[in-house]
2 protein chains.
Amino acid sequence: MSHSEVTRPTLSDALTERMLDLIRQGGHRPGDRLPSTRELSQRFAVTTPTLREALRRLEATGAIEMRHGSGIYVGAAIERVVLPNPNVRQIHGEQLLDLLDARILIEPPLAARAALNKRGAELRTLLDRAAQYLQGRDTELAEVNLDFHRSVARAAGNGVLAEVVDSLLTVHASEQREILRLFDDRRRDYEEHLAILEAIVDGDPQSAGELMKAHLLDVKTVIEQRM
Amino acid sequence: MSHSEVTRPTLSDALTERMLDLIRQGGHRPGDRLPSTRELSQRFAVTTPTLREALRRLEATGAIEMRHGSGIYVGAAIERVVLPNPNVRQIHGEQLLDLLDARILIEPPLAARAALNKRGAELRTLLDRAAQYLQGRDTELAEVNLDFHRSVARAAGNGVLAEVVDSLLTVHASEQREILRLFDDRRRDYEEHLAILEAIVDGDPQSAGELMKAHLLDVKTVIEQRM
DNA sequence: CCGCTTAGGTGATTAGATGACTTGATATGT
DNA sequence: ACATATCAAGTCATCTAATCACCTAAGCGG
């Protein structure tokens, strides 16, 4: 992928590289605007379609963002290590169980670390927001519940592991949307999230880890039942 | 990323989707050949550059592979859940340590599971190959050492976790190539790999996990020293 | 001061033609 | 008969030039 050179010599490859140089040498950060396609194609002495192929590649991996009529911007994922596969639409059963097992291995230790880091404040406001959605608004509640897991992972302090968890959640969520299998019991999720939160703000890593594990095992049970 | 629709209505988006449908409805597997660009552009009633933008996006995420003069083929990564970011060139210190910590969390349990699964045979042949590279041939040896970690992860039986480990290794390796910091002691790596292997073929999960953890802590120490 | 209009800038797509590469079939030589 | 060299058809890669669609901020009018 990044350096597996079996096929080599395309101009588009070189352009991709030069674009990345341009972004990094220029010290641009996510959200910054880049030169227009016309200027870029002139600067690199290539035609519009060729340049755009390179841009689309960068866009597909989150390195840039192209906004019609507005411009090209540095993407949020440019510094990430791992990415979710954006092409996943449906997951077959075994893969979904593997995904859950992966979460069961990774997330409980992260919850424990979050408890050690005393970073419960942001999680609290998140669950407050969730409480507002408890009556109706299933879609929003599902979104907030996902964000809870993302936030716990981020609070653990390891950016790479947070990316891994985010990738797993993103793929799982996109699969749920595709199939409209929103069978999870989001109220129960909320309750269990609340318990995890308490353990984190109390600075109790062992409970936080155990509660997270129990929570994910519950989720897995639900998934196994409907297979 | 996959469904974060802030910007929407581009023809190229729709084409990407139709291409994925074409691949999946057609039951194509990685390596299979797809119709030519000419036929695809006619079938979808779009011009060459537009189609190619969609193809480049799919290529960037490993869903397809375009070979000059030959054709378009289904990519190996089309069914993956997580991907390595192909745009990473250099990693800053903190991120590299996070990456190692992630490996320390994930890989030891995988080594333990591999021991339970009694799948040491392939690992043995791998390390036999490594032994041939012990005199000289640093590049090949580094490659085989990477493959050892990948194989252990795969032998654990969880495809998603194997993808995560693969992604972490891929990014780490591409960074090493970029900076030419091949300071790791690959002979010592080989010795430690051998010890892990023995534990796995002996079906001793606890030793396998502990040895893997000790090994990765050694690697982390080396990285910390040169920072 | 606020809302609407508008013009300039920007990305998205079109159209057809040409160059570069791969591959399997053909031809050639031994 | 077999190995090698040649070649032609198919395929991806790039170019050229123009038009369409969209966003945004400046300017206008209320």
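**The interface of chains A and B**

Visitor: How many salt bridges are counted between chain B and chain A?
Guide: This is a predicted model, in which local features need pLDDT of at least 70, side-chain atom pairs count only at pLDDT 80 or more, and totals for chains, interfaces and linings use all residues. Residues are numbered from 1 along each chain as its sequence is written, and side-chain values use heavy atoms, without hydrogens and water. With a salt bridge taken as a side-chain nitrogen of Lys or Arg within 4 Å of a carboxyl oxygen of Asp or Glu, the count between chain B and chain A is eight.

Visitor: Which residue of chain A forms a salt bridge with B:R89?
Guide: The closest N and O atoms of this pair are 2.6 Å apart. The partner of B:R89 is A:E17.

Visitor: What area is buried between chain B and chain A?
Guide: Buried area is the accessible area (1.4 Å probe) that two parts lose on being put together, summed over both. Carbon and sulfur atoms give 59% of the area buried here between chain B and chain A, and the total is about 5100 Å².

Visitor: How many residues does chain B bring to the contact?
Guide: Contact means heavy atoms within 4.5 Å. Chain A contributes 58 residues, and chain B likewise contributes 58 residues.

Visitor: Which residue is the bridge partner of A:V82 in β4(B)?
Guide: Strands, here DSSP runs of E with at least two residues, pair if DSSP finds at least two bridges between them. Strand β4 (residues 82-84) of chain A pairs with β4(B) in the antiparallel sense over three bridges. In β4(B), A:V82 has as its bridge partner B:P84.

Key:
Chains are lettered from A and ligands numbered from 1 in the order in which they are written. Helices (H or I, at least four residues) and strands (E, at least two) are DSSP runs, numbered from the N terminus.
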